[in-house]
Amino acid sequence: MALGGFVDWRGRAINGEVHGGVRATWFLHVMTLVTNVVIVPNLLNLVTYLHGTMHMGVSGSATTATNFIGATSGFALIGAFLSDSYITRARTMVLFGPFMFLGYGLLALQAHLPSLHPPPCNVEAEPNNCKEVHGWNATLLYTALYMSAFGDGTMRVCLPSLGADQFNHEDPSESRQQSSFFNWYTFGISFGGFIGLVLIVWLENYKGWDIVIGVCAILILLGLLIVAAGLPFYRNQVPEGSPLTRILQAVLVVAFRNRKLELPKDRWTGAGSVDALSQTNTLKFLDKACIINRGNNGAWSVCSVTKVEETKAALRVLPLFISSIIGYTPDIILFTFTVQQGGMTDTSLGGIHVSPASLFIIPTAFQMTILAVYDRFLVPSLRRRTGLAGGVTHLQRVGVGFLSVTLASVIAAVVEKKRKEDLEKKMSLFWLAPQFLLLGVSDVTSFTGLLEFFSSEAPRGMKSIATALFWCDLGLASLMATLLVEVVNGATRRGGRGGWLEGASLDDGRLDLFYWVVAAVGSLGFLNYVYWAKKYAYQHNPRNAEQSVYHDSS
């Protein structure tokens, strides 16, 4: 059975019985698992590496880490544009994924050779005697970090979209398998992170950074080879040009040109033809792009209803896109500073030394558990009570995550104040468990909810862009986190004293007060998000997919 719109890796027409399906996605599941064995623990310990090995200050190491997260998400947009417009998703991964391997290879080389990193010293006990990485060594560090960010960003945006391409959504059986793919994809992220928090963190503690980063580079190479081995089995969607280009060049320009024209009573027949998207009554000024003006039928003279509805769909999500940036900012900050906070506690459990980053095993295990419980038990129960296909709407699920991280900020402020009351007696690491658990709840709800929301509300021709939009949301939240740190430091400098987060260690700063600022930002972000979520009109009704628009009443 041949399927239109798809080709194999050599550009030939595919056979649906040979290409795609569950067999093809197993290569992608392995890649998801392997990459997250590397990514999750290294993100959690990146601040520790920058502060303890490269001797950056508390604020500098946190800012570098958040900028790295933001850059990764920004590069995802580049990967989406290339894969949608010029090359297939599989080729994008194979061509640009090796940058991640090369980045980790350079980091391993720098960690191994003494001439490429500062001399060892105890940055907590002797902060004034430790030399921060500088000059060519700093250039090497940033080059390696952003090379790996580029490779990671392009792969993370292409992998879920490539997996979805392996199933024909018009076939009931394959449509169910496509839904299962996303469940396994999310589980693979959590399970890979769980393995990494045991294996990689153990290597970091007992074998050294050069060994662990080298192992990470080998794992990334293994994952890339597995993805490449699946090339003969993938269905590859033929690139048809960027939908963003169509929106900017066609709909907005044509609608502006026709702004003085009157809409006909039956405005939907202006461009004639059957269109894939439902016709809506919002943003009516864009409907003028469908008017046939003076007999011109070119792309710059008249647009189809589908193009207009694609533009409307993109514009409708913008308020939620922006409000989600604010709502997700506290999550990025807590993600970064909780590891540093844990480094100042007693990390021993009996005779076992526990790395602060290893505490993330708790929310990671919680994520895997709640995903299974949510899908098997909560969704059927909530569906019976609410009548919603998913139990709750995507926006309700995201709201729970934003509220959880705000509560985590409050708890983190209280715990940090208690820690500083008696610096002679170190607080147990497990005082941080509640905020870790709430971060886990936030990831299960806001992370998955936003990904599903952008994907489900996007038109068929904008699925990759929608996935990239999700990662850009997280990236911009990281940049907002950096900006908030800089603003707070600037506002709290007095005389010759540095800001709240500019001390050589957390003992010299006021992280507890900063957490209250984060809680305030989170509260305002949550309220702003709720306002726009109430006003949003769904393209597809969560209660009945046959209806075109549904207003969220949550």
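Select W202: is this residue buried, exposed or partly exposed? W202 is partly exposed, with a relative accessible area of 42%. For these words, buried means under 20% relative accessible area, exposed over 50%, and partly exposed in between, with a 1.4 Å probe and protein chains only.

Before moving on, note that this is a predicted model, in which local features need pLDDT of at least 70 and side-chain atom pairs count only at pLDDT 80 or more, while totals for chains, interfaces and linings use all residues. Residues are numbered from 1 along each chain as its sequence is written, and side-chain values use heavy atoms, with hydrogens and water left out.

**Aromatic rings**

Helices here are DSSP runs (H or I, at least four residues), numbered from the N terminus. Y206 is partly exposed too, at 49% relative accessible area. Rings of Phe, Tyr and Trp (its six-membered ring) pair if their centres lie within 6.5 Å; planes under 30 degrees apart count as stacked, over 60 as edge-to-face and the rest as tilted. By this rule there are 20 aromatic pairs.

Next, select F99 and F150. Their rings form an edge-to-face pair, 5.2 Å centre to centre with 85° between the planes. F99 lies in helix α4 (residues 98–112) and F150 in helix α5 (residues 135–165), so the pair ties together parts that are 51 residues apart in sequence. F150 is buried, with a relative accessible area of 16%, whereas F99 is partly exposed at 32%. Now compare W202 and Y206 again: with ring centres 5.7 Å apart and planes at 40°, that pair is tilted.

Stay with rings and select W26, W184, F187 and F191, which form one aromatic cluster. F191 is found in helix α6 and is partly exposed, at 34% relative accessibility.

**Salt bridges**

How many salt bridges are there? The count comes to 5, where a salt bridge is a side-chain nitrogen of Lys or Arg within 4 Å of a carboxyl oxygen of Asp or Glu.

Select R89 and D165 to see one of them: the closest N and O atoms are 2.3 Å apart. R89 lies in helix α3 (residues 89–96) and D165 in helix α5, so this pair ties together parts that are 76 residues apart in sequence. Both R89 and D165 are buried.

Stay in helix α5 and pick D152 and R156, which are 4 residues apart, about one helical turn. Their side chains meet in a salt bridge of 2.8 Å, N to O, and both residues are buried.

Then jump to R510 and D512, where the closest N and O atoms of a salt bridge are 3.2 Å apart. R510 is partly exposed at 35% relative accessible area, but D512 is buried at 3%.

Where is H55? Select H55 in the loop between α1 (21–52) and α2 (58–85). Its phi is near 60°, a positive value in a residue other than glycine. H55 is also buried, with a relative accessible area of 6%.

For the last stop, select C158 and C216. C158 counts as buried at 1% relative accessibility, and C216 is buried at 0%. A disulfide is a pair of cysteine sulfur atoms within 2.5 Å, and by this rule the model has 0 disulfides.

Conventions. Helices (H or I, at least four residues) and strands (E, at least two) are DSSP runs, numbered from the N terminus.
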